[in-house]
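Hi there,

Here is the structure I promised to pass on. Have a look first, and my notes follow below.

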Amino acid sequence: MERKVHVIPFQVHEQAEKVNEIPKGVEMIQAPKFWNQTKGKGITVAILDTGCDMTHPDLKERIVGGINFTNDDGGKNNVYNDYNGHGTHVAGTIAATQNNNGVVGVAPEANLLIIKVLDKNGSGQYEWIINGINYAIEQKADIISMSLGGPEDLPELHEAIQKAVTHNIVVICAAGNQGDGVDSTDEFDFPGCYNEVISVGAIDLERHSSNFSNSNNEVDLVGPGEKILSTYLNGKYATLSGTSMATPHVAGAMALIKVLVNTSFERKLTERELYAQLIKRTVPLGNSPKLEGNGLVYLNVMDELSEIFNQQFVAKLLSI
């Protein structure tokens, strides 16, 4: 299994030493309005990526463990530092805590399990990804987030994902960045186009579909993926673009949703039930389903619909 998987290509726009804000993507999906109900406490998100800046002030309190399957650091499995930046950025969008100054993620009380399956160059072997998925299963993760992909449909990778889903782990993957902005053409990246995963496309901060975002019939929804501010190497911050950046918005959203609905139903929902609860919290943007699936993840949509219904009901009563 020497064939390669890579980070979904991404663009670095700028870096900063200090920031103090809620990133626009986190606000766009209405996460702050969800925090009075939950911030994701008790949910573990396994991030299969390039590792993480373990000492970043906005992340170190959220990391509960990890492992390295790559050849970095001599292959030591207990050293999962990030030398690329991609994994650290993903981690921040999911669960940064805004320690003093900094940024805050979608689910700032969720736990992060760092599974390093891509090396400092952002490249990895399929075997590493499969090992990472199996490790997430062993550690009883709630969610797997993968902003990575490759051109090959490898049966062993597909089987590992299917195994995770049977363990009620929600697997969320980037759709890929080979898009041409035309919905009539299909672009496929694996594992993002497997039916069992939640495939995430990208939009910009004005809610326009990103030209680079893959289009195909397996795209489930979209998240903010252009000029996304999050944590970066050496305790810094950076603004990046790609479906890699959209994916952790959905992973963080799922962490919040899982806490809320498990509490509401007084039981643990299945992976399919959790998927349905996520899709209930989307809004269509008017693009082809091949580009946006069910639309933009929008956590507050249920409350807003309830408010509209109540207003209409009251108005109807007053008119009687």
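Are helix 5 and helix 6 roughly parallel, roughly antiparallel, oblique or roughly perpendicular to each other? Before the answer, some ground rules: this is a predicted model, where local features need pLDDT of at least 70 and side-chain atom pairs count only at pLDDT 80 or more, while totals for chains, interfaces and linings use all residues. Residues are numbered from 1 along each chain as its sequence is written, and side-chain values use heavy atoms, with hydrogens and water left out.

Helix 5 (residues 243-265) and helix 6 (residues 271-279) pack at an angle of about 110 degrees, with their axes 10 Å apart. They are therefore roughly perpendicular to each other. That label covers 65 to 115 degrees; under 35 is roughly parallel, over 145 roughly antiparallel and the rest oblique. Axes are lines fitted to C-alpha atoms over the stretch in contact, and angles run from 0 to 180 degrees between N-to-C directions. Helices here are DSSP runs (H or I, at least four residues), as are strands (E, at least two), numbered from the N terminus.

On the helix 5 side, the contact (heavy atoms within 4.5 Å) is made by Val250, Met254, Ile257, Lys258, Val261 and Phe265, and helix 6 brings Leu274, Tyr275, Gln277 and Leu278.

**The cores**

The largest nonpolar core has 58 residues, and Val45, Leu112, Ile143, Ile172, Ile198 and Leu299 have the most contacts inside it. Helix 5 gives the largest share of this core, 10 residues. A second, separate core of 34 residues includes Leu118, Tyr135, Leu154 and Ile169. By nonpolar core I mean a set of buried Ala, Val, Leu, Ile, Met, Phe, Trp, Tyr and Cys residues joined through side-chain atoms within 4.5 Å. Buried means under 20% relative accessible area, exposed over 50% and partly exposed in between (1.4 Å probe, protein chains only).

**Pro224**

Pro224 sits in strand 13 (residues 219-224) and counts as buried, at 0% relative accessibility. Among the residues that Pro224 touches are Met28, Met245 and His249. Met28 is 196 residues away from Pro224 along the chain, yet their C-alpha atoms are separated by 7.6 Å.

Most residues other than glycine have a negative phi, and most peptide bonds are trans. Lys140 has a positive phi of about 60 degrees and counts as exposed at 68% relative accessibility. Asn168 also has a positive phi of about 60 degrees, and is partly exposed at 32%. Finally, a cis peptide bond joins Phe190 and Pro191, with omega about 15 degrees.

Best wishes

Conventions:
Lists of a residue's contacts leave out its neighbours within four places in sequence.
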